[in-house]
Amino acid sequence: MSEMAATRDGYGQALLEIADNAKVVVLEADLGKSTKSLHFKNKYPARSISCGIGEQNMLLTAAGLASSGYIPFASTFAIFTERAFEQMRNGVARPDLAVHLCGSHGGTHTGTDGSSAQSIEDLAIYRTLPNVVVMHPSDYVSTLELTKQLPALNKPSYMRTARNKTPVMYRGRESEIVIGKGITLRQGTDVAIIACGVLVSESMKAAELLAEKGINATVVDMHTLKPLDGDLIDSLASQCGAIVTAEDHNVIGGLGGAVAEHLVTNKYAPLEMVGVADRFGESGQSDEMLEVMKLNSKYIEQAAQRAIARKS
Amino acid sequence: MTLSISELEEFARKCRVEIVKMVYRAQAGHPGGSLSEIDLISALYATRMRVRPDQPKWEDRDRFILSKGHASPGMYAVLAEMGFIDHEDLHSYRVLGGKCQGHVDMKWCPGVDFSAGSLGMGLSFGLGCAVAARLDNSERRTFVMIGDGEIQEGSVWEAAMAAAHHEVGNLKVILDRNRIQNDDFCEAQMRMFDIPAKWRAFGWEVKEIDGHNMEEVMSGLDFLEATNDKPAILIAHTIKGAGVSFMENNPSFHGAAPNDEQFAQAMLELGEVIV
C-alpha cells in the first residue's frame, strides 16, 4: 500500500515551515483542529488570532492585517468560507489584498458529515472573483509545496483541502509543483484526463484500466484552477484530441467549467466532465460517496471512452 | 493640528458646502449621512489623526476606516481640506476614472485605507489593522466610523465580540446615530433598542455625545484617545442632513441629489455665495 495522508495535514505542516517569516499570521474560526492550523497556534500563539465561530469577521480581520503588511492565512471548512463570500469579494479580492483562505473538508469525499459539510461549489464561486488564485491540490506533498509558495504570491488565494487521506504522489518531486502549472503524471496520446484534488489518484487508476484495453491516457494534475494552465490544455487538445475532466465538485463552474471555457475559445477537443451532477450529497464513507456520486475511476474510464468516441 | 472650536466649525462648514456640491454635480450620492458625520470626521482629522497628507502610505499613520462608505462625500471633503487630494479632485466624484469613487476605495483615492461599499465590513477590517499595529508594537490607532442602520448587520457583532475578546485598546469606533437608513427611519425598519447597553454588554467602553456640538465632539474624541485597555465606542447623536434645512431628518435625502432650486437654497443656508 502506498503512503496515504490528508492534504489538510500538508497545509498545517506548511504553516509551520513558513513561520520563520515574521509577517505570517494565522486566523481560525474554531476549526483549527480540523483544518490543522492549530499546529501553528500551539507554536506561535502571538501570531494566531482566534475569531471564534465567525467567518465573516475572520476574512475581514485578515484583510485589515494584509493591508498593514502581514500575510494572513485564514482557514475553516470549505463550506463555511462560503458564508463569508461577500467579504472575500468586497473586502479581499476587490482591493487585491493577499489574504490566503483555505477551505478544508471540501467535496463529497468529506464523507459521513453529510451534505451540509460537503462543499461542491467552492471552486466555482471563488473562480469568479477577479484577482483570486484558486487551487485544489491532490496530495500531502503538493499541498505543502503550494502553501509554502503563497507568502511570495502577493495575491489573494483560495485553496481547498480534503479531510480524508489520499495517496501521496509527489515525494521527491517537489520541484515540479508550481502555482499555475499543471503537472503531467502520465503520458498517452489517445485521451487526456485533467483532474484535481482527490480525483487525481482516481484518474491514475482509470488510466490503468484504460491501458488494459490498449488505450493510452495522459493524466494531468491541474492543482491550480485559476490562473488556468491554458498552454498545457492547448497541447493536450492537440496531442490527444479528446479530454476528460474529473473533480469532486459540481460539474457547473469548477475544473470542468474552466477547461470547457478554455477549449471552446482556443484549440477545441471533445470534452467529457466527471463531477457532481448538480445535486447534493449525503452521509457515507469517502469511497461510497465517490461511487454514489459517480466520481471514481470506473466513471472516469467510461468518460474517457465517450470522449474518444466523439473524436471527429 | 490645534484648532479652536470656531475654526473647527468653519472647517466643517466648508466640508458641508463641498458635500452638497459633489452630490449636486453628480446628481447622485448620499448627502444625508455625509452631513451627519461631517462634524465628527472634521474634528477627528483636524485635531487627532496622526497622518502625513504628502505621504499617505506612511507606515505608522493612524487608520481611518469609513465603514459607512456611501457617506463618501464627507470623507472626500475632509481629505481635500487636509491636502490628501486637491479640491479639483472633488469634481471626480462618481465620474469615470475619478479618485472619488461612489464609495471610498483604497485603490483609487490617496488617504483612503479601506475599500468600502458593503455595510458591516469596516469594523472587522479595522480590527485587523488594530491587531497588526499591536503586532508591530506601533502606537498607531485605528478609528472606524459606522452607521446606526449598519449595526443591523450581524457581522458587526462578530467584530464587536472579537475586538473585546482580544482587548484591542487601539481600536476606536464612532457610531453616527442619525436615526435614518435607506428606506425609512431606523425605528420603522428595525428597532435597535438600547444601543449603548448592547455595546457595553459586548465588553466595550461607551460614551454618548451630541455629534454636532463641537465641544462635545472634542471631549468624545478625548474619551476615545484615553481608552487604551479595551475597545471604545463613541455614540454620536446626529441629525441626518444636518446643516441643510430640507435635508434634515428627511429619509428622502439618504441617497438623493438636490435639484437646482434646492442646491441654491442649500448654498445660501451654508453661507456659500454662488458666483
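Which side chain meets that of K205(A) in a salt bridge? It's E202(A), with N and O 2.9 Å apart. Keep in mind as you look around that this is a predicted model. Both K205(A) and E202(A) sit in helix α9 (residues 199-212) of chain A, 3 residues apart, which is about one turn of the helix.

Take K155(A) and D96(A), whose side chains meet at 3.2 Å, N to O. This pair links distant parts of the chain, 59 residues apart: K155(A) is in the loop between α8 (140-149) and β7 (157-160) of chain A, and D96(A) is in the loop between α6 (85-93) and β5 (100-104). K155(A) is partly exposed at 25% relative accessibility, and D96(A) is partly exposed at 23%.

Now hop over to chain B. Here R48(B), D62(B), R141(B), D222(B) and E225(B) are linked in a network of salt bridges. Over all chains, the count comes to 35 salt bridges.

Chain B also shows you how two helices can meet. The axes of α1 (residues 5-26) and α2 (residues 31-47) of chain B come within 9 Å and cross at roughly 140°, so α1(B) is oblique to α2(B). The crossing is right-handed. Among the residues in contact are L8(B), F11(B) and I19(B) from α1(B), and L35(B), I38(B) and A43(B) from α2(B). The residues of this contact divide into 11 nonpolar, 3 polar and 2 charged.

Terms used. Residues are numbered from 1 along each chain as its sequence is written. Chains are lettered from A and ligands numbered from 1 in the order in which they are written. This is a predicted model: local features need pLDDT of at least 70, side-chain atom pairs count only at pLDDT 80 or more; totals for chains, interfaces and linings use all residues. Side-chain values use heavy atoms; hydrogens and water are left out. Axes are lines fitted to C-alpha atoms, for helices over the stretch in contact, and angles run from 0 to 180 degrees between N-to-C directions. Helices (H or I, at least four residues) and strands (E, at least two) are DSSP runs, numbered from the N terminus. Angles under 35 degrees count as roughly parallel, over 145 as roughly antiparallel, 65 to 115 as roughly perpendicular and the rest as oblique. A crossing is left-handed if the near helix is turned anticlockwise from the far one by less than a right angle, and right-handed if clockwise. Contact means heavy atoms within 4.5 Å. Ala, Val, Leu, Ile, Met, Phe, Trp, Tyr, Cys and Pro count as nonpolar, Asp, Glu, Lys and Arg as charged, and the others, Gly among them, as polar. A salt bridge is a side-chain nitrogen of Lys or Arg within 4 Å of a carboxyl oxygen of Asp or Glu. Buried means under 20% relative accessible area, exposed over 50%, partly exposed in between (1.4 Å probe, protein chains only).
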